[in-house]
Amino acid sequence: MKILLLTQWFDPEPTFKGLLFAQELARRGHEVEILTGFPNYPGGRVYPGYKIRLWRREQMDGISVLRVALYPSHDKSSIARVLNYVSFAISATVIGTALIRRPDIVYVYHPPATVGLAALAIGFFRRVPFVYDIQDLWPDTVAVSGMLSSKPVLAAIGKWCKLIYRRATNIAVLSPGFKRELVAREVPPDKIDVIYNWCDETTIGPVAPDPELASKLGLSGRFNVMFAGTMGTAQALDAVLEAAALCRQTLPEVQFVFVGAGVERSRLETKAVALVLDNVRFLPRQPLSAIGGVLALGDVLLVHLRNDPLFRITIPSKTQAYMASQKPVLMAVAGDAAQLVLESGGGLVCEPEDPAAIAETLARFFAMSSAQRAGMGAAGKTYYDRHLSLKAGVDKFEAVFAKICGVPLAALGDAGSSRHAS
């Protein structure tokens, strides 16, 4: 099949469905083209080696990439963020529709919801179906993040999303809760497939802890509880600092390690100093090539989000990375994410924004033997391989694409095999 991946974000930007996805589809014998913007996420600055112009074609590991103009931004300004989203939508609609090769099917990555404009245009003018992969529920996420608060604007976004859902041939969602919510919004259930995200398996996986790196980062000789990722308002990490304060006397061996960046990091560091938390350490954001080695130094890996109904139906992306790294997980997120960890046997769960519950659950981890914690990590890794891996996810997407295009899966497998044999 000829598959177009339509996404505002693509490598070298960090993204869930980027080059790895395209490469795996190509490996299976499909012709893949990317329609995306010029890389500027998450900093809002155009990456070295790129310059904004109307369009640019390039090859990335044999994958054809068409980049179109956008306004680069990813700061706190709502106006700038809207300009970023809308500018890409218009460029992808006008330039992209004109310059792409006609595909058999279009895969569309959402967010932002504005990418739906290009999906509608390409679907209409090129007469092709599209699969809409929903990673964030709009307008819910926009409201929770504080990006927009105007009720009329949020209502208009909701109506726009419903239009895209109607026009999409198929919808993919990252959790069962997302599917339940879309069904409640009158999307036919047989139109929706739950396809879990995967992590970057080229950089994340079971790695033996490096004592030299542990010493360099100040992690030697401690029981390290590690949070790695964005430190924003949605993560509500004040509760984790308060848990650290509770653990300071009862579990002196435990150290809370925050790895990453975000709008809340500076304030959290200031709070940790004010609370005299000598069992808290902040490390800078790590490059993808290094994150696997850093995760290997954690004894327990922590996921935490605000106690909000929206987050009860999501599965934070770090969940897959943690499980793939074969480490036990403390899931302080209620709902689908907690259920996944319990089902896998890969960790323990507790209520979010509850410092006492976090501290008590960490005490349970600390009381286990290292073999018991290793067993949890192994169970999580097995579950990841079976249900959350790149292979598992692409298997499901390929089945959806084949069904829509009326192509037998067996024929796709034969085509891929013959192509790699030649």
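Helix α10, residues 288–295, lies across β9, β10 and β12, at about 150 degrees to β9. Helices (H or I, at least four residues) and strands (E, at least two) are DSSP runs, numbered from the N terminus. Axes are lines fitted to C-alpha atoms, for helices over the stretch in contact, and angles run from 0 to 180 degrees between N-to-C directions. Contact means heavy atoms within 4.5 Å.

A word on sources. This is a predicted model, where local features need pLDDT of at least 70 and side-chain atom pairs count only at pLDDT 80 or more, while totals for chains, interfaces and linings use all residues. Residues are numbered from 1 along each chain as its sequence is written, and side-chain values use heavy atoms, without hydrogens or water.

pLDDT is the predictor's confidence in each residue, from 0 to 100. The protein averages 93. Over residues 416–422 it is below 50.

Now the sheet. Six strands form an open, parallel sheet, in the order β11-β10-β9-β12-β13-β14. Strands pair if DSSP finds at least two bridges between them. β11 and β14 stand at the edges with a single partner strand each, so one side of each has no neighbour in the sheet. In the parallel pair β9 and β12, two bridges make the join. Met226 stands opposite Leu301 in β12.

Most peptide bonds are trans. Asp11 and Pro12 are joined by a cis one. Tyr41 to Pro42 is cis too. Ala236 is not a glycine, yet its phi is positive, about 50 degrees. Ala236 sits in the loop between β9 and α8.
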